[in-house]
Amino acid sequence: MDFSSRTTPKASSVARFSLETCLSGAKSLAKDENFVAVMTFSLAALLWNPSTYLQLAAHYLKVFPALNLLVLFILIIRGVLLFPRAPLAGLVDGARRLRFKHFGMMALIIGFLSAFTTFKLSIPSVAPFFADPYIAAFDLWLHGDDPWKYARMLPAGTSIIMDFIYSKLWFGVALCSLIHAALLRPAPEFKRLIMATLLTYIVLGVILATAFSSVGPIFYDRFYAEPRFAEFTAMLAADPYATQQKFYMEYLYSAATTNTALIGSGISAMPSIHVGVAVTVAWYMTSQGRLSMIAGWTFAGTILFGSVYTGWHYAADGYLSAIAATLFWWIASRRYTLGLMLWRRGPKQIGDGVKIDAAIHRGRTA
């Protein structure tokens, strides 16, 4: 029996199928405006400053294992939600559905963050910091006093909570929302979240951040001759609970003054990416249900408060970001013909897992 004659046609069929699948996937991606936007943004950053972009990509690549652990965590939750009687089968099902999509998504995230940080580091060279006196004056006029003074009326020890929520929980919640949408929600909802997030980062974090080049109250006295926020600087220095905030402050200042490309580096106050992303997440959670809506807007409000409490931003930074993020969410919702509050239409199916789980259970009891 000629074994090669039997296997060659099968091998060629598999190769042909794989090639057709790759070509089909490539054509589908080429038609996806979000994918095109990420690739264009990344390519523009690479051409703008190749050495900085590649350095940052290498740095962000080091956090890839941590991102994988987060994805695994979401897969476990998905397995429990969709396969309550067989969560391990749910985990396997989620991994099977994700497959190469996962690595592609992680690569896009790393490439996009590298591009965003590249442009953010370039802001002072394109538009030297100038807007802080005007934004601080507007804040004073709008609130009757510097907003950080109202925020700092809270008891000692609040800095520990704010440090954790603002510097750590924020990133986790933002990334979890993307992974949740990718794994648990229909494609239009995921694409809406991606579009709104991209608009927030690109328009707020690059275009408007360059137009309103500023450093925020926390760095004001280091970049301007007038000690406008000397009282805040002294209060922060004397705060024994703000250890993480002081660390990140020196981390960002050192990177900015030595022109070093590091993860999350780049100084920019107006507008606030933290608030913009938090509001985007709040809108996404609003579309999922009443309880998640409450949790989402509580989180967004806490981030807005924290941006002022920590001195990273003026209150006006957050106000502009919240308004803009809401506009971006509306634009993305119109693009994919989705309502702002989908849960008002009644209960939603979150996938095929419930049906599959029920079939597994029936098979076991038969």
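Start by selecting Asn 259, which sits in the loop between α12 and α13. Keep in mind as you go that this is a predicted model. Which way does phi point at Asn 259, positive or negative? It is positive, at about 55°, although Asn 259 is not a glycine. Asn 259 counts as exposed because its relative accessible area is 70%, and the cut-off for exposed is over 50%.

Stay in that loop and select Pro 271, which lies between α12 (243-257) and α13 (273-286). Most peptide bonds are trans.

Next stop: Thr 337, in the loop between α15 and α16 (353-365). Thr 337 isn't a glycine either, yet its phi is positive, near 50°. With 67% relative accessibility, Thr 337 is exposed.

Now for the charged side chains. How many salt bridges does the structure hold? There are 7, and we'll visit a few of them.

Select Glu 33 and Arg 335 together. These two form a salt bridge, and their closest N and O atoms are 2.8 Å apart. Glu 33 belongs to helix α2 (residues 33-48) and Arg 335 to helix α15 (residues 315-335), so color the two helices if you like; the pair links distant parts of the chain, 302 residues apart. Both ends are partly exposed: Glu 33 has 26% relative accessibility, and Arg 335 has 44%.

Move on to Lys 149 and show its side chain along with that of Asp 145. They form a salt bridge, with 3.5 Å between the closest N and O atoms. Lys 149 is partly exposed at 28% relative accessibility, and Asp 145 is partly exposed too, at 24%.

Glu 231 is partly exposed, with a relative accessible area of 49%.

To finish, show Asp 145, Lys 149 and Glu 231 at once: salt bridges with shared partners join them into one network.

Notes:
Residues are numbered from 1 along each chain as its sequence is written. This is a predicted model: local features need pLDDT of at least 70, side-chain atom pairs count only at pLDDT 80 or more; totals for chains, interfaces and linings use all residues. Side-chain values use heavy atoms; hydrogens and water are left out. A salt bridge is a side-chain nitrogen of Lys or Arg within 4 Å of a carboxyl oxygen of Asp or Glu. Helices (H or I, at least four residues) and strands (E, at least two) are DSSP runs, numbered from the N terminus. Buried means under 20% relative accessible area, exposed over 50%, partly exposed in between (1.4 Å probe, protein chains only).
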